[in-house]
Amino acid sequence: MKTLDLGGLGLDRGGHLLVRRALAEVDVGGRVQVEGADPALGVHLRAWARGRGHGFEPGPPPIVIRTSLEDQRWSGAVAAGDAARPSERASASWGLAARGARVEAGLAPLEFPLATRDQIWTDDAARLYARAAAAQWDPETAIDWGAPFELPDAVETAVVQVMTYLIENEVAALIVPARFLARIHPHFREILQILAVQAADEARHIEVFTRRALLKRPAPGLSTVGGQTSLRTLLEEPDFALASFLLSVLGEGSFLSLLWFLAEHGPDPITRQITTLAAQDEARHVAFGLSHLQHHAEREPGLRARMANAVEQRFAALQHTAGLNEEVFDALVLLAAGSWEPGAIARGFDAVVALRQDMDRGRRTRLARLGFDAEEAERLSSLHTRNFM
Ligand SMILES: [Fe+2]
Ligand SMILES: [Fe+2]
């Protein structure tokens, strides 16, 4: 018979760990004699042993007899897939378990609507997440908020108007991935991680654009029905693939051009810094959208038709709205012009025309990467919302 000496250690201070270890070293039916100085040892040991289905003899010294009940507890356990590679379909019976963990039988199923690999996965997921995590920046220290600058009143107003527009677009870009995040089975943890960091990116964008808007003014500018109606169609898209397509590939793709434009033409150093940093983040959001949609499109031949249909439907829904409002368009022209001088306004106007061409080129390139032919890409790009996002 095996003997275990607990010395002064009671079961109320961790002694059960040693008892369990000793029991694991004997076969079922084997006996472990437990010695120790704790006066409550016998009482505690009896309760512990009975609670786990082990036999008990009061002694002294008390003896615990190993039964197989504790082993049986894990005999019905299932593996939550393979730790190294996500399964084709994640089971509701795995719940929140780590990928590859053993899940005790009897867990109530936890349903996640997005639970198949084809719908959400990309083999780039781990790499994209690591890149995003490494590229986080602190708005407080990454931006030189105290940089001195003086702008004509109307140019400052234009900057504030553009920031106001950016903020509401960033809010939509935060809400859409955050909503889908909660619907994806946690077995695909890299996808959850990517979307969580993406939401954190958007939170930073909202912060820096708000700080710039309020740097010299007590309140932001104007929010239009046309702009908000466009964003609303993104919030209302229930399908993950289609929402990613409209938001990340077409919307954030177009926004990349806009942020580069502001990084180049921004009339003050802070506007240029914040849009440069935001553009770096947005490039990752676009890359993830493209990556999982490419993966998805290879496996679902009908996806491209559904994507085209989503663009057409959104176009129809927004047909009677103003699209990119005059307020933002004019603000972009003035911001790029930097002054009211007619020659400067002409240059600003040309820059905004070039911006729209750049957006269109970018959309067509990305559509081609998703397998659309040039003609279809041109048509779909032209139907994209005039609000840019
Ligand atoms: Fe953003
Ligand atoms: Fe984004």
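**Figure 1. Lining of the second largest cavity.** Helix H8 gives the most to the lining of the second largest cavity, with four residues. This is a predicted model. The cavity holds about 60 Å³ of space. Its lining is made up of Leu128, Ala132, Ile194, Val197, Gln198, Asp201, Arg284, His285 and Phe288. At least two lining residues come from each of helix H5 (125–134), H8 and H11. By class, five of the lining residues are nonpolar, two are polar and two are charged.

**Figure 2. Site of the iron ion (ligand 1).** The iron ion (ligand 1) is coordinated by Glu170 (OE), Glu202 (OE), His205 (ND1) and Glu282 (OE), at 1.9 to 2.2 Å. The angles among the four donor atoms run from 83 to 150°, and the site is irregular. To count as tetrahedral, all angles of a four-donor site would have to lie between 85 and 135 degrees. Along the sequence, the donor residues follow the spacing E-x31-E-x2-H-x76-E. Glutamate 202 and histidine 205 are both buried.

**Figure 3. Site of the iron ion (ligand 2) and the bridge between the two ions.** Donors to the iron ion (ligand 2) are Glu202 (OE), Glu252 (OE), Glu282 (OE), Glu282 (OE) and His285 (ND1), at 1.9 to 2.7 Å. The spacing of these donor residues in sequence is E-x49-E-x29-E-x2-H. Glutamate 202 bridges the iron ion (ligand 2) and the iron ion (ligand 1), and the two ions lie 3.5 Å apart. Because glutamate 202 lies in helix H8 and glutamate 282 in helix H11, the pair ties together parts that are 80 residues apart in sequence. Glutamate 282 is buried, as is glutamate 202.

**Figure 4. The largest cavity.** The model has three cavities of 30 Å³ or more, and the largest has a volume of about 100 Å³. It is lined by 13 residues, of which Pro177, Leu195, Phe240, Ser244 and Ser248 lie nearest its centre. Helix H7 (153–181), H8, helix H10 (240–265) and helix H11 (269–299) each supply at least two residues of this lining. H10 provides the largest share, five residues. The lining has eight nonpolar and five polar residues, but no charged ones.

**Figure 5. The largest pocket.** The largest pocket contains about 180 Å³ of space. Arg356, Met359, Asp360, Arg363, Ser381, Ser382, His384, Thr385, Arg386 and Phe388 line this pocket. Helix H14 (342–369) and H15 each contribute at least two residues to the lining, and the largest share, four residues, comes from H14. Sorted by class, two lining residues are nonpolar, four are polar and four are charged.

**Figure 6. Backbone at phenylalanine 388.** Phenylalanine 388 has a positive phi of about 80°, although it is not a glycine. Most residues other than glycine have a negative phi. Phenylalanine 388 sits in the segment after helix H15 (374–383). With a relative accessible area of 4%, phenylalanine 388 is buried, the cut-off for buried being under 20%. Phe388 is also one of the residues that line the largest pocket.

**Figure 7. Buried and exposed sides of helix H1.** Gly15, Val19, Ala22 and Leu23 are buried in helix H1 (residues 15–24). These residues are on the same side of H1, because they cover an arc of only 100° around the axis. Leu17, Arg21 and Ala24 are exposed on the other side of H1. Here exposed means over 50% relative accessible area.

Terms used. Residues numbered from 1 in each chain as written. Chains lettered and ligands numbered in written order. Predicted model: local features only at pLDDT ≥ 70, side-chain atom pairs only at ≥ 80, totals over all residues. Heavy atoms only, no water. Donors = N, O, S within 2.8 Å, 3.2 Å for Na, K, Ca; no water. Tetrahedral: all angles 85-135°; square planar, octahedral: opposite > 155°, others 65-115°. Buried < 20%, exposed > 50% of the residue type's maximum accessible area, 1.4 Å probe, protein only. 1 Å grid on protein atoms, 1.4 Å probe; cavity = no way out; pocket = protein on both sides within 12 Å on 5 of 7 lines; lining within 4 Å. Points joined across faces, edges and corners; volume = space filled by probe spheres on them. Nonpolar A, V, L, I, M, F, W, Y, C, P; charged D, E, K, R; others polar. Arc of directions from axis to C-beta.
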